[in-house]
Each structure stands twice: as C-alpha cells, then as structure tokens.
Amino acid sequence: MTRNLMITLAAGGSAALLAGAYLFQFLGYPPCQMCLWQRWPHVAAIIIGILAVSMPGKVMPILGALAAGITGALGVFHTGVERDWWDGPSSCSGGGGLNGLSGTDLLAIEGPAVIMCDVVSWEFLTLSMASWNALASFALMIGWIIAVRLSAGSTTAGSSRTV
C-alpha cells in the first residue's frame, strides 16, 4: 500500500461520512449543533487529503490524523451527552434554561426548531450517528497514521516502502 493510496482512502472516508451526514439530513434527520461541529474536521481532512497527495512529507498526513481524531473525539463527547454521561452545551441540551419565558412566550416565538443534542434521532445496533462517526473517524485516523509512517519510509534515501 502506498502513502497516496492511504491518504486517498482516509480523505475519501471523510468525504463518505460527510456525504452520509447530508443524506441523513435530506432524509429528514436535521443535525444538532454538535453534529455540525463534527462535520468541520471532515471538511478539513478532505482538503488536507487533496493537498497531501501532491506534497511529500509527513506534515499533511499528521494534520489529517489530527482532523480525524478531533471529529472522533467530538463524536465521543456527543455520545456521552446523548447517553447522559455528562452535560452538553446549554444551547442544545435539555439543561438549558428558558430565561423566564412563559409557555405563551414559547408558543409565540417563530423561527427554526432547536434540534436537541441530547436526543438520539437515529441509531443502528444501539449506536447513534455520533457513535458511528466516532468509530469511523478513529478508523480513518489510523489510516492517516499509516500514511504518516509510509511518508517516513519514503523519505529515506531513494526507498519506496510499501505495506
């Protein structure tokens, strides 16, 4: 396996996860605030992947691994919020206050619905979308780390190391 193939697979994995997120949104599962946070590192990983295939060295694959790790960590945090292991942001979790608003005030407010971060809207095999994102993102992080290791091997005097 070559460095550029690993980079393409890792960045392509982020593209697939991002496409899946938008597909779920299209199918009627709107994202919460924390879901949106998890998308940004995937965007970064895709951009890093595009740049990394034309740039030698370890820096870009390290950044790709960091991006995948960040979205994985956000997925773990989001999973913890969904399972009530810890509190989430007050802006999208059940712990947020109403700031003195009455029921009538709440019914009179117009605008987009707040999608709650502590409510699981979809799950498969007892894992939420956030949990699946975490697992897949950590797998992609391993792919990026393999690309880093392959980058290290390819920079030695004329060698082209493959796994």
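User: What should I know before reading the values?

Analyst: This is a predicted model, in which local features need pLDDT of at least 70, side-chain atom pairs count only at pLDDT 80 or more, and totals for chains, interfaces and linings use all residues. Residues are numbered from 1 along each chain as its sequence is written, and side-chain values use heavy atoms, with hydrogens and water left out.

User: What is the volume of the largest pocket, and which residues are closest to its centre?

Analyst: Rolling a probe the size of a water molecule over the atoms shows where empty space is left. On a 1 Å grid over the protein atoms alone, a pocket is an open set of points where a 1.4 Å probe fits, with protein on both sides within 12 Å along at least five of seven lines; lining residues have an atom within 4 Å of a point. Points are joined across faces, edges and corners, and the volume is the space filled by probe spheres set on them. Here the largest pocket has a volume of about 500 Å³. It is lined by 27 residues, and Ala 21, Phe 24, Cys 35, Met 129 and Ala 130 are the closest to its centre.

User: Which helix supplies the largest share of that lining?

Analyst: Helices are DSSP runs (H or I, at least four residues), numbered from the N terminus. The largest share, six residues, comes from α1.

User: Which residues have the most contacts inside the largest nonpolar core?

Analyst: In soluble globular proteins, nonpolar side chains tend to be buried together. A nonpolar core is a set of buried Ala, Val, Leu, Ile, Met, Phe, Trp, Tyr and Cys residues joined through side-chain atoms within 4.5 Å. Buried means under 20% relative accessible area, exposed over 50%, and partly exposed in between (1.4 Å probe, protein chains only). The largest core has 15 residues, and Ile 7, Ile 48 and Trp 144 have the most contacts inside it. Helices α1, α2, α3 and α5 each supply at least two of its residues.

User: How many disulfides are there?

Analyst: A disulfide is a covalent bond between the sulfur atoms of two cysteines. The rule applied is a pair of cysteine sulfur atoms within 2.5 Å, and by it the count is zero.
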